[in-house]
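Me: I would like to go through a protein model slowly, with questions and answers. Please show it first.

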Amino acid sequence: MTVAVNGIAHIQLTVNDAERCVPFWESLCHFLEMKTLIRSPEMVYCIGSRTGVLVREAPPDKRDRPFDQERPGLHHLCFRARQREDVDAIFAFVEKELGAHIVHGPEDGGFAPGYYSILFEDPDGLRFEVNHVPGRGHLGDGARLGPGGEGPAHD
C-alpha cells in the first residue's frame, strides 16, 4: 500500500536574529497570502496557501554559528508558484520591499520542462526559492516520469 500526501503542511525554521528575520518572514508570508496565527518578538507562525511557515529564534546558547547550507539539514526551501508572472512579482517584492540578498533573479533552468525560478536569502542566510513549472512537469506526457518518458535518471 502507498499513500499520496497532500503537500507539506508546515515548515519550521530556526534563526539566529529574530529581530531581523521575524519581520522579514512575516512580510514575505503576508505577500504570499498567508496570515499570522502566532506572533511574538522571538517567533512568527503564518498559515495559508495550503501550508504554514513558523520562524523561531534559536536559544542563546545555540546562536554560535551562522546557517550553512552545506551542513546536514535544510539546504533550501522552495515554494511553487501558480504562474510564471507570480515568480516575477515575488522577486520584485523581495528585492525592493524586503531587501533580500538575491542569489539569482528570475531565470529559466533545466531541472524540469519550463522550470522558472528565483533564489534569495533571508537575513540569516537561509535560502528560499520560488519556482514555476508548467503543466505536470516531470510527470506530464512525454516528460521523464510521465507516459512515454524515459524514466528515472541514473548516475
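The questions below go from the whole chain to single residues.

This is a predicted model, in which local features need pLDDT of at least 70 and side-chain atom pairs count only at pLDDT 80 or more, while totals for chains, interfaces and linings use all residues. Residues are numbered from 1 along each chain as its sequence is written, and side-chain values use heavy atoms, with hydrogens and water left out.

Me: In what order do the elements of the chain run from the N terminus on?
Reply: Helices (H or I, at least four residues) and strands (E, at least two) are taken as DSSP runs and numbered from the N terminus. The chain has two helices and eight strands. Written from the N terminus on, the order is β-α-β-β-β-β-α-β-β-β.

Me: What percentage of the 155 residues of the chain count as buried?
Reply: A residue is called buried under 20% relative accessible area, exposed over 50%, and partly exposed in between, using a 1.4 Å probe and protein chains only. By that rule, the buried part of the 155 residues is 38%.

Me: Among contacts between residues at least 6 apart in sequence, what percentage join residues at least 24 apart?
Reply: A contact here means heavy atoms within 4.5 Å. When contacts between residues at least 6 apart in sequence are considered, the part that joins residues at least 24 apart is 47%.

Me: Is Ser-40 buried or partly exposed?
Reply: Ser-40 belongs to strand β2, which covers residues 35–40. Its C-alpha atom is separated by 9.4 Å from that of Arg-56, which is 16 residues apart from Ser-40 along the chain. Because the relative accessibility of Ser-40 is 22%, this residue counts as partly exposed.

Me: What is the phi of Arg-50, which is not a glycine?
Reply: Arg-50 also has its place in the loop between β3 and β4. With a relative accessible area of 59%, Arg-50 is exposed. Although Arg-50 is not a glycine, its phi is positive, at about 65 degrees.

Me: Is Val-3 buried or exposed?
Reply: Val-3 lies in the segment before β1, the strand of residues 11–15. Because its relative accessibility is 64%, Val-3 counts as exposed.
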